[in-house]
Amino acid sequence: MITDKDRKNMQQFYRAVLALEDEEECRKFFDDVATIKEVLDLSARLEVARMLDSGAVFSEISRETGASSATISRVNKCLSYGEGGYKAVLDRIYKD
């Protein structure tokens, strides 16, 4: 269960991310705030989302990214039924 304190901490984290001005600041922040494994996991999920959005199938995604079927399924569920976060980011960074 997410508490009010958790919500406050999450809001502070989101504001911190939004305050970053460029990719270098972002890299430095995430180097400080997360382990390399956590950053790699997050970036891998984004790649899974990109591949799903472009029409790749699960077996291809698993082969190319090493992501588990559970991770691919979770990202696919988020793409289909989530808040639209993946889609918003993908639309912005892959406009072409």
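The model is predicted: local features need pLDDT of at least 70, side-chain atom pairs count only at pLDDT 80 or more, and totals for chains, interfaces and linings use all residues. Residues are numbered from 1 along each chain as its sequence is written, and side-chain values use heavy atoms, without hydrogens and water.

**Aromatic pairs**

- The structure holds 4 aromatic pairs, a pair being rings of Phe, Tyr and Trp (its six-membered ring) with centres within 6.5 Å; planes under 30 degrees apart count as stacked, over 60 as edge-to-face and the rest as tilted.
- F13 and F29 form a tilted pair, 5.8 Å centre to centre with 35 degrees between the planes.
- Because F13 lies in helix α1 and F29 in helix α2, this pair ties together parts that are 16 residues apart in sequence; helices are DSSP runs (H or I, at least four residues) numbered from the N terminus.
- The F13 and F30 rings, with centres 6.2 Å apart and planes at 90 degrees, form an edge-to-face pair.
- One aromatic cluster comprises F13, Y14, F29 and F30.

**Accessibility**

- F13 is partly exposed at 32% relative accessibility, and F29 is partly exposed at 21%, whereas F30 is buried at 19%; buried means under 20% relative accessible area, exposed over 50% and partly exposed in between (1.4 Å probe, protein chains only).

**Pocket lining**

- Helix α6 (85-93) is among the helices that each supply at least two residues of the lining of the largest pocket, and the largest share, 6 residues, comes from α6.
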